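Thanks, everyone. I have one structure to go through today, so please look at it on the screen while I talk.

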Amino acid sequence: MTDAPEPITALTDPEPTAPPHSQWRDVWDQFKTHRGALIGTFIFFVIMAAVFVGPWLWGIDATFIDVRARNQGPSWAHPFGTDQLGRDTLARMMAGGQTSIAVGLTAMLLALGLGSLVGVLAGFFRRLDGPLMRLTDLFLSLPLLPLLLVMVLLFRETLNGAFGPEKGIFILIVVAIGVTSWMPTARIVRGDVLALKEREFILAARSIGTTNYNLITRHILPNVMSPIMVSATLGIANAIITESALSFLGLGFPPDFPTWGRLLNDATVYLQDYPERVFWPGLAISLTVLSINYLGDGLRDALDPRIRGR
Amino acid sequence: MLTYTIRRLVLAIPTLLFISLVIFLLLELAPGDPMAEVPLTVPPEVKEKMRLALGLGEPTHIRFFKWMWQFFVIEPMVFIDWLFGTDLAGGEQRVLSWQFRSPVMDVVVQRMPQTLWVVAMSYVVGVLIALPIGIYSAYRQYSLFDQAGTFITMVGYSVPPFFSGVLVIVIFSVQLGWLPSIYDTTLVVVDWATFKQQLMQMVMPVMVLALQTTAQISRFMRASMLDNLNQDYVRTARAKGLSEMTVVMVHVLRNSMIPVITVIALGVPQIFGGAIITEQIFKVNGLGQLLITAIQANDLPMVHTVTFMLAVLIVLFNIVADVLYGVLDPRIRYD
Amino acid sequence: MTLKSLLLGATATTCLASAGWAERGADGHVNLIYWQAPSIMNPYLTGGTKEREAASLVLEPLGRYNVAGEMVPFLAEEIPTVENGGVSDDLKSITWKIKPDLTWSDGSPFSANDVKFTAEYCMHPDGGCAQLAKFEGVESVEVVDDLTVTVHFAEPQPNPYGPFMGGQAPIIQAAQFADCLGAKAPECTDANFSPIGTGPFKVDEFRPNDVISLSANPNYRDPAKPRFATMTFKGGGDATAAGRAVLETGEFDYAWNLQLAPDVIANMEAAGKGVALSAFGTLVERIEINLTDPSPDLPEGERATAKHPHPILSDMRVREALSKAIDRELLVEIGYGKAGRATCNLVPAPAAYASDNTDCLEQDVEGAKALLEEAGWTDSNGDGIRDKDGKKLSLLFQTSTNAVRQDFQALIKQWWGEIGVETELRNISASVFFGGDPGSPDTFQKFYADVEMYANNFDGTDPQSYLASRTCNKAPRPESQWQGENINRYCDPAYDELIKELGRTADLGKRGEIAKKLNDMLTKDSYVILGLVDRGRVSARSNTLGGVELNTWDTELWNAADWYRIKE
């Protein structure tokens, strides 16, 4: 990378030519060299832009029905075709993406946050291990559907009253998915922390008087990043699909509200007759998950000082 | 380690009793009615009588204790009777399903073969494929193999089985006509011909399910291997002159197994929870289908019993995972 | 060889072939698929349609309804009527004569005692019998002799064909169920899973919610039937998969109730392995309009009760406008195709009871707008939604989760949007929506919404009890634990009076007139029920399965004894 320094200057102290790099600058430099991560980030932003800016440019409303134009293939008027009621698939993909990405990201963050918190606390503090892990066992054992039904029964009207119907349902869905999917992350993180905290560097850090808080944030968390990242990418895919399952139970958004999961589900019946209708939502979900996966890979490498140093 | 295991097993009993109570209360609270599938042509008065005949007239706590008695006392007696031909249970009432009016355990036992053939097999297949993929992907990070593996597993994971299942049926059953689209649960394997038939009907559901397992476990395996491959002890091991095979497959792998063991242990109880969507698509009618139809029909004794048995497995396998941590990494101490 | 001998030879082989056909079990194996799996074989312990269908292969009633909805004798010699003296002139008793020499599948003789026992079994107070309504009004069942049984009613019954008629009330064997009366009914697992019957098949193995293996009943009354020696009755999956298995892969011979979009079925049929059959019954997809106020601001216990009339929908002009805005023909085209007919009625069939009310079939958006204007709903702030006294014309529209219903919801929302009505849609899982859990806010009885859509029908061919469910006292309310069939809380003393008159009238022509009047009172005179689609039943058979006659008045398998394999 760098040219060999000239012999004489090598002996003198050089004046710093550039201000010292901040840690985040190093992270970014490392991130830039990861081709997959760059492509992933680019695709992710393209999808975000298409989904959040697209509807402003594309005039057709996602719920507008044009019965005469139903079951159409791709055309200039409807680049992605239309569905069985004559709704524009492109408009529905964009509107659906807003919900799916928003639900996927927030639910994943919630599940990850909860899972990591429980996992780290249980792994690090021996006294909390028992109760927290029994709580995890309990949540793993609860049957999902009745649990969701109970949540809706108890909280739908209150949330609707407090936040309005759409926000209320959004919060409900995100919480429902988050609360029912944090347990694997918690178990995985705890397992890693159990092994980590017996390592020498933790002992060293502890012996110089590092507080528990700093031990966790500086030494434990960075070392359990990679399973957390994997959980995150898998979690997004899961959340998007689970959302569509929820709307089937009538726990989700109103039925005319498109989401990627629901578009995929609705189109499965028409798989043989109109295969392109399954293709778009399937592609969108896969692309989003893939791009986030590569983004995560790049971030993980960039954040790992051992890799960054090389 | 032994005392730890025993302590955990003993502690599991109150935990499970508490879980059982929570499940029961949750089911009580959940909206739903065992009469939901009865046609609207049946008048409400008749439905009310049917509810009373199911025992719904009794107070909640009585029904809970009745279930406890039936599950923890009568059912084991029936099992012993079946094993040794004794007559301990003496015709006492067992846990009866509201849908079938037959003992829940009988139906569960009936569903075991297809669940084990399909769901358990797919899990084994999935894990066996995932581990080598994960290890090799990490060892040759960013190689063509790694990139292809990442791509396939992530697409496989983000495509839900309700789509991939239908897709393989359309391709292999409808278009090509090679494989049956409907699983025959009455098939008994007695010779090569029936074994072949069994394989044919298993291929599609097993593959669809294994794809999900493979994707998940290979990602965790890869990530964990990557973490360890850069550690100092690997350099030390190589410097000692150990063969590459020993370094990767013994030293690195052993240290990378902890998250993978956790994920595998979390997955095993799910086998017995069945694979609801895949079972439905291929008409496998295993435990997953049993559970979901019971939930839809609000067959509370069935749902309670099956979820409780799952809870037992979940608690048990988490104990197994904890014990394995200690075996894999002797530095982990629980005392 | 002469031409003559050739011809003779040919005739001889055909004779032989048909003789071979006429033998019991000669056609081998048949596969049926029901995407909802039967959970029990005893129709008295579950009201479910799927169980009733499966049970009808084994258990038979005295008489059934045929494809045209006419009564035909099965175990009885003939259908008793007033004319042939089977029904007493005061309409208080009906006497059935049973065919001689009938045997159960275990070889024991069938007698009138079994018929009497069946009534005892279902009418036992602790049994929780699902078909109790069939035995309503029965005072006693008397065994006159081994082959004659008389049912006595407490009140005159214009329609005495409730007990022992149709797939809901078949005869069970007294010997097998003797110890299963009342509270013991659920404990007789063996009897409930493989009842001994008189039907064409007997159960070899029953796996609840999965598969039933059956074989020909060796003691079936017609020695040439059934043609099939064995049968597999597979359950589970979904309607698409069932249709695919019959129409596209040909793995199965018969698939029940394919609730699929018409173009999906048409594309499956194009594969050429089978045909889709359709037939019409009395099932009507309808919109019910809530006449009470479901507002969440009202205290629990008063919400959606007669105490608070609906602020918007109490005005008949609004209800009529909502009806006028709907294009029913288009709904049929999109949702049901051949298996649906646009209707305005609650009782679409049989012809004697069906009103000729057709004025809703024409979509009339302008007329609807005019009606709303007249009712005082105008768009004063220009946001496209009408309002009156500061209240927006906004409705909550709920239904159960089902792809076709969600399509209908979206279409209707758009049409109502065109006349300035804002609609919020909600779908609810069927197991909650149709369940009567008084603790859930989402049941169709509680009706915490402004309008809701579902389908309902009546058993058999007589709509009396179906229409009687709209009387004032049948409204779901907190005091009745929210049970009741008068979903929209319709209450009109004149209607109640006319129902009483129907109960007293025996003359068929007169009954038809009253029923039509009642139907019109609910539909075109008040618009509290908006009939949408008269839904037919679609099932599919493979090209090689013969003898299938799709029946919507009884079970679809009513004539399974006559099914045969078409030789290619």
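I start with an interface: 42 residues of chain A meet 48 residues of chain B. Keep in mind that this is a predicted model. Which elements of chain A give two or more residues to the side that touches chain B? They are α5 (126–141), α6 (144–163), α8 (183–196), α11 (225–248), α12 (260–268), α13 (275–303) and α14 (305–308). Sorted by class, that side of chain A holds 27 nonpolar residues, nine polar ones and six charged ones.

Now chain A by itself. Along the principal axes, the C-alpha atoms of chain A fill a box of roughly 80 × 55 × 35 Å. What percentage of the 310 residues in chain A is buried? The figure is 47%. As for contacts in chain A between residues at least 6 apart in sequence, 69% of them link residues at least 24 apart.

Next, the other interface I want to show. Here 48 residues of chain C are in contact with 45 residues of chain B. On the chain C side, the elements that contribute two or more residues are α5 (189–193), β8 (211–216), α6 (239–248) and α12 (430–433). The largest share of that side comes from α6(C), with four residues. How does the side of chain C that touches chain B divide by class? There are 14 nonpolar, 22 polar and twelve charged residues.

Staying with chain C, there is one item from a record. An unreviewed UniProt entry carries the annotation "domain: Solute-binding protein family" for residues 70–469 of chain C. In the model, the end C-alpha atoms of residues 70–469 of chain C are 24 Å apart, and the span is 23% helix and 22% strand.

Last, confidence. For the model, ipTM is 0.83 and pTM is 0.82. The mean pLDDT of chain C is 86, with 96% of its residues at 70 or more. Where in chain C is the pLDDT below 50? That applies over residues 1–21, a stretch with four contacts in the model beyond near neighbours in sequence.

Methods. Residues numbered from 1 in each chain as written. Chains lettered and ligands numbered in written order. Predicted model: local features only at pLDDT ≥ 70, side-chain atom pairs only at ≥ 80, totals over all residues. Buried ≥ 20, exposed ≤ 12 C-beta atoms within 10 Å, placed from the backbone. Contact = placed C-beta atoms within 7 Å. Nonpolar A, V, L, I, M, F, W, Y, C, P; charged D, E, K, R; others polar. UniProt positions renumbered as here; feature names shortened; annotations may be inferred. pLDDT = per-residue confidence, 0-100.
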